[in-house]
Amino acid sequence: MRITFVLALLAFSATSTALGQKQNAGNDQAKSIDQTIRQLDSERIQAQIGADTVALKRIYADDFIGVGPSGTVRTKPQVISDFTSGGLRFQSITTDDVQVRVYGNTAVETGRSTMIGQDKSKVVPRDNRFTRVWVKLRGNWQLVANHYSLLVTQQ
């Protein structure tokens with residue numbers, strides 16, 4: 001009886017340790033992906049400000065679709081064209097309250113964005129909430145969808 005109890009206790013301990021290690025590995029991977037997404041988003045912002053075509057092509061997925069705060073819909077070719085032509089220009093973009101949630105090979109990034117820029121000579125709405133969807137494609141994370149909504153403050 002005592003041997004059975006000891007064996008059961010050892011089996012339980014080994015199982016608990018293995019599950020704990022697996023959860024820690026999953027948490028470490030999610031933290032790594034979180035850092036990767038945040039870095040890529042920083043690169044995206046700098047590429048937009050600098051109209052860096054090479055970086056924009058690398059970061060945006062071929063089937064990217066974006067919805068701006070005014071409701072404007074843009075595909076990857078339109079985004080690149082708008083930045084390289086100067087039709088869409090940003091002087092600064094900052095983000096805060098950023099959260100990244102990871103679901104396998106998909107990451108959803110949400111937060112607030114403050115933008116100073118012009119879209120075809122119109123001022124870009126300054127304060128927004130955003131949702132971005134990133135997918136790991138062919139070993140690289142790329143932006144597949146982006147949506148901005150005007151931030152409305154409660155009074």
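**Ring contacts and strand pairing**

Reply: A search of the whole structure, which is a predicted model, finds three aromatic pairs. One of them joins Phe 83 and Phe 90, with 6.0 Å centre to centre and 40° between the planes.

Me: Is the pair of Phe 83 and Phe 90 stacked, edge-to-face or tilted?

Reply: A pair of aromatic rings is described by the distance of the centres and the angle of the planes. Stacked pairs have planes under 30 degrees apart and edge-to-face pairs over 60. The planes of Phe 83 and Phe 90 are 40° apart, so the pair is tilted.

Me: Is Phe 83 buried or exposed?

Reply: The cut-off for buried is under 20% relative accessible area. Phe 90, the partner in the pair, is buried at 10%. Phe 83 has 4% relative accessibility and therefore counts as buried.

Me: Which residue stands opposite Arg 132 in strand 7?

Reply: Arg 132 lies over the face of Phe 130, at 3.7 Å from the ring centre. In strand 7, the residue opposite Arg 132 is Asn 146.

Me: Which residue takes a positive phi in the hairpin of strand 6 and strand 7?

Reply: This hairpin has two residues between the strands. The positive phi, near 50°, belongs to Arg 138.

Me: In which sense do strand 1 and strand 7 pair, parallel or antiparallel?

Reply: Tyr 60 stands opposite Leu 143 in strand 7. Four bridges connect strand 1 (residues 60-67) with strand 7 (residues 140-150), and the sense of the pairing is parallel.

Note on methods
Residues are numbered from 1 along each chain as its sequence is written. This is a predicted model: local features need pLDDT of at least 70, side-chain atom pairs count only at pLDDT 80 or more; totals for chains, interfaces and linings use all residues. Side-chain values use heavy atoms; hydrogens and water are left out. Rings of Phe, Tyr and Trp (its six-membered ring) pair if their centres lie within 6.5 Å; planes under 30 degrees apart count as stacked, over 60 as edge-to-face and the rest as tilted. Buried means under 20% relative accessible area, exposed over 50%, partly exposed in between (1.4 Å probe, protein chains only). A charge sits over a ring if NZ of Lys or CZ of Arg is within 6 Å of the ring centre and within 35 degrees of the ring normal. Two strands pair if DSSP finds at least two bridges between them.
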